[in-house]
Amino acid sequence: MTSDGIPRLRCEGLRKCFDGTHALHDVRLELPSAGIVAIIGPNGAGKTTLLNVLTGFLRADAGQVFLGDLELTRMAPHKISRLGIARTFQDLRLILQVPARENVLLARPNQKGERLLTALFRFGVPQEEVRNREEATRWLRFVGLEEKANEAAGELSYGQQKLLTLACCLAAEGRILLLDEPVTGVHPEMIAQILDMLRLLRDQGRLVVLVEHDIAAVRQVADVVIVMDEGRIIAQGKPSEVLERPEIIEAYVG
Amino acid sequence: MEYLLHILVLGAVYTVLTVSLDLLAGRTGLLSIAQAAFYGIGAYTSALLVTQVEAPFLVGLLAGVAVAVLISFIVSLPSLRLHDDYFVIATFGFQMILFSIFNNWIGLTRGPMGIPGIPQPVILRWRVDTHLEFLVLAIVLACFAYLVVWRITSSPFGRALHAIREDEVFAKALGKNTLRFKVTVFAVSAALAAMAGSLYAHYITYIDPTSFTVMESILVISMVIIGGAGSLWGPLVGAVLLVTLPEALRFVGLPSAVAANLRQIIYGSLLVIMMMFRPRGLVGKYGFSK
């Protein structure tokens with residue numbers, strides 16, 4: 001626990017091997033309680049693996065993950081998600097055939113209507129749905145997709161789908177957002193829009209962690225940059241300092 | 001007329017079975033080959049209670065449902081941790097075990113000799129003893145099964161099932177305990193199949209293990225696929241079609257040995273043709289492939 005009383009996400013000694021190569025090699029990290037943190041590094045540096053271990057989708061070979069004093073190391077992904085740690089995926093995971101709004105509705109936590117008996121007998125479910133729809137609409141509006149609410153998620157553009165996954169994280173009441181490549185491959189105009197949203201979310205007190213290849217975007221938005229290479233954290237600090245170091249530029253380009 | 005009513009009763013019994021499997025396979029994406037096992041559990045539990053301790057029909061039916069739900073937990077807690085194809089194989093193994101119990105636990109089930117003399121149901125004061133009355137009862141139960149599945153699928157619970165079918169990782173990332181949903185839906189599906197089994201036992205008045213083989217499970221899967229998985233009317237269309245098909249073949253006038261084989265060939269061909277040209281089934285919206 002820290003002075004501001006908000007539990008921080010941290011990990012110690014994380015190791016993960018795939019077929020003999022180290023995807024994570026003794027990763028120790030303490031994230032701030034709020035802000036925008038960018039994790040960069042060449043392909044295969046272990047960035048996504050780190051995200052997967054932090055969110056419980058992969059089990060580390062060694063090491064521990066904590067949120068404040070709570071150990072997350074062997075916790076199931078859905079339990080970690082319920083602690084307010086929301087994530088997106090590189091290969092945009094969404095339910096493509098159903099409307100955008102349904103995707104966001106799905107994300108709402110603690111739905112009574114998700115219990116069998118309540119679903120069958122509908123005690124309080126219609127009222128709950130009304131509240132959740134309002135909340136879903138609020139986040140769709142936030143990411144600028146309110147007009148697309150009734151369109152199938154699969155019909156949206158790539159950038160809009162990325163925004164929709166962000167809306168899902170927010171509707172799930174994520175306080176810590178782990179975003180895997182939120183702007184890679186997105187139209188430049190939309191990148192500026194997404195970065196503004198991330199700043200706004202930070203200013204509301206959230207921690208935004210992005211794994212990103214777009215260095216220009218990282219330079220604009222990140223408070224802290226973490227550089228990974230071959231499963232290790234090789235540098236950490238302000239973008240203005242870290243991104244100027246010759247060895248970092250070399251590691252990244254090479 | 002009796003003959004037509006008989007086919008309609010069977011159509012309604014199979015509709016319950018098909019609806020129960022569709023909840024699992026069509027709506028949640030969990031293909032189970034054990035539906036006939038739960039159908040058998042319902043049939044045997046109520047047949048034994050009714051013939052051995054003269055329990056009333058509804059008690060037998062509810063007991064069958066309860067036993068099926070209990071056994072579904074025993075099966076689902078280990079096998080639902082398995083993925084896709086492995087889950088299918090686990091349910092196949094369970095189906096084989098249950099058939100073996102029906103067939104070999106002579107002391108309880110009388111094995112291949114079966115259980116004869118299952119009385120016609122009496123519900124309160126209503127004695128269900130004509131084909132027409134049976135049809136009414138079967139339709140009531142089919143409507144009940146439909147109602148249960150409709151309530152589930154049109155609720156937030158159903159939204160989560162749909163998400164699990166399409167992308168389980170996404171559902172987990174949004175905080176859904178997907179194992180809990182799958183265990184629950186497996187139990188509901190088992191309960192509905194057991195209900196169909198109880199009804200069948202009382203209708204035919206005699207049961208033996210041959211009604212609850214893996215072929216029966218595959219027949220129900222065929223009904224789901226041909227009708228259209230995950231759709232409202234698919235289970236009804238699939239069940240009625242595959243119940244009437246063999247009866248229709250009977251009128252073609254082939255010798256029974258030929259007709260029986262021909263029937264299998266037609267089922268098989270229908271499945272292949274459906275998979276090639278209409279994987280979403282006759283009236284379905286979604287295919288099994290993603």
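Helices (H or I, at least four residues) and strands (E, at least two) in these legends are DSSP runs, numbered from the N terminus. The expected span of a helix is 1.5 Å times one less than its number of residues. Everything below comes from a predicted model, where local features need pLDDT of at least 70, side-chain atom pairs count only at pLDDT 80 or more, and totals for chains, interfaces and linings use all residues. Residues are numbered from 1 along each chain as its sequence is written, while chains are lettered from A and ligands numbered from 1 in the order in which they are written.

**View 1. Helix H11 of chain B, with its kink.** Here we have residues 234-250 of chain B, a helix of 17 residues. From first C-alpha to last, H11(B) reaches 25 Å, close to the 24 Å expected at 1.5 Å a residue. Look for a kink of about 25° at B:Thr244, shortly before the proline B:Pro246; the bend at a residue is the angle between axes fitted to the seven residues ending there and the seven starting there. The buried residues of this helix include B:Gly234, B:Pro235, B:Leu236 and B:Val240. A residue is buried if 20 or more other C-beta atoms lie within 10 Å of its own, exposed if 12 or fewer, and partly exposed in between, with C-beta atoms placed from the backbone. What do the buried residues of H11(B) pack against? Their partners are H1 and H10 of chain B.

View 2. B:Val252 sits in the loop between H11 and helix H12 (256-277) of chain B. This valine counts as exposed because it has 9 C-beta neighbours inside 10 Å.

**View 3. Helix H1 of chain B and its bend.** Residues 2-27 of chain B make a helix of 26 residues that reaches 35 Å from its first C-alpha to its last, close to the 38 Å expected at 1.5 Å a residue. H1(B) bends by about 35° at B:Leu21.

**View 4. A proline in helix H3 of chain B.** B:Pro78 is found in H3(B), residues 57-79. Since B:Pro78 has 10 C-beta neighbours inside 10 Å, this proline counts as exposed. B:Tyr3 is 75 residues from B:Pro78 in sequence, and their C-alpha atoms are 44 Å apart.

**View 5. Two loop residues with positive phi.** Most residues other than glycine have a negative phi. B:Arg110 has a positive phi, near 65°, and belongs to the loop between helix H5 (106-109) and strand S1 (122-123) of chain B. With 16 other C-beta atoms within 10 Å, B:Arg110 is partly exposed. B:Thr205 also isn't a glycine, and its phi is positive at about 65°. You'll find B:Thr205 in the loop between H9 and helix H10 (214-227) of chain B; it is partly exposed, with 13 other C-beta atoms within 10 Å.

**View 6. The largest nonpolar core.** A nonpolar core is a set of buried Ala, Val, Leu, Ile, Met, Phe, Trp, Tyr and Cys residues joined through C-beta atoms within 7 Å. The largest one has 164 residues, and those touching the most other members include A:Val104, A:Ala167, B:Val13 and B:Ala138. Which helix gives the most to this core? That is H9 (residues 178-204) of chain B, with 16 residues. In chain A, at least three residues come from each of domain 1 (1-84 + 177-254) and domain 2 (94-115 + 123-174). Domain bounds come from an automatic or database domain assignment. Zoom in on B:Ala138: leaving aside neighbours within four places in sequence, this alanine is in contact with B:Val9, B:Ala12, B:Val13 and B:Leu199. Two residues are in contact if their C-beta atoms, placed from the backbone, lie within 7 Å.

**View 7. Where chain A meets chain B.** In this view, 22 residues of chain A are in contact with 21 residues of chain B. H2, helix H3 (100-107) and helix H4 (116-121) of chain A each supply at least two residues of the side that touches chain B. By class, that side of chain A has 13 nonpolar, 4 polar and 5 charged residues. Ala, Val, Leu, Ile, Met, Phe, Trp, Tyr, Cys and Pro count as nonpolar, Asp, Glu, Lys and Arg as charged, and the others, Gly among them, as polar.
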